[in-house]
Amino acid sequence: MHEGKRTLTQDWKDCIAECFRCAQICEECSDDMIGMEHKGDTQLMERCIRLCRECADICVMSAQWMSRVSPLAERICTLCAEVCDQCAQACEQHASHHALCGPCAQECRRCADLCRRMSRAGAKAA
């Protein structure tokens, strides 16, 4: 039981797990691109690396805040969904140049969807 007698629902637990999965693949994707020889749009690759790193950060923070049943968790989930959408878009554009970008984009889309649902649903009162 947490502040305000809010408890974690199964949906929140699923979203927490998804945020950690998304953070993991974003870290792997960005790390693999650093130093990669790239023929084409280097600005897109740089944007993709940056967004993957930022997405990983916000996903971890979202999972932490949801785990604490923070009263601000819904708000950070909204931001997390926005960042995940931006990361997915960049990875989709870069997928033909990097093998991890396609799977990363898919995971970001799943995370964005769950975070949007959590930002609307909130934790249930006990």
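Me: What does contact mean here?
Reply: Contact means heavy atoms within 4.5 Å. This is a predicted model, in which local features need pLDDT of at least 70, side-chain atom pairs count only at pLDDT 80 or more, and totals for chains, interfaces and linings use all residues. Residues are numbered from 1 along each chain as its sequence is written, and side-chain values use heavy atoms, with hydrogens and water left out.

Me: How many residues does helix 1 have?
Reply: Helix 1 covers residues 10-33 and has 24 residues. Helices (H or I, at least four residues) and strands (E, at least two) are DSSP runs, numbered from the N terminus.

Me: Which residues of helix 1 are buried?
Reply: Among them are Trp-12, Cys-15, Cys-19, Cys-22, Cys-26, Cys-29 and Met-33. Buried means under 20% relative accessible area, exposed over 50%, and partly exposed in between (1.4 Å probe, protein chains only).

Me: What covers them?
Reply: The cover of the buried residues of helix 1 includes strand 1 (6-7), helix 2 (42-67), helix 3 (73-94) and helix 4 (101-121).

Me: Where is His-98, and what does it touch?
Reply: His-98 sits in the loop between helix 3 and helix 4. Not counting residues up to four places away in sequence, His-98 touches Cys-29, Asp-32, Met-33 and Met-36.

Me: Is His-98 buried or exposed?
Reply: His-98 counts as buried because its relative accessibility is 4%.

Me: Now Ser-67: why does it count as partly exposed?
Reply: Ser-67, in helix 2, counts as partly exposed because its relative accessibility is 33%. The C-alpha atoms of Ser-67 and Thr-7 are separated by 9.5 Å, although these residues are 60 residues apart along the chain.

Note on methods. Expected span 1.5 Å × (residues − 1).
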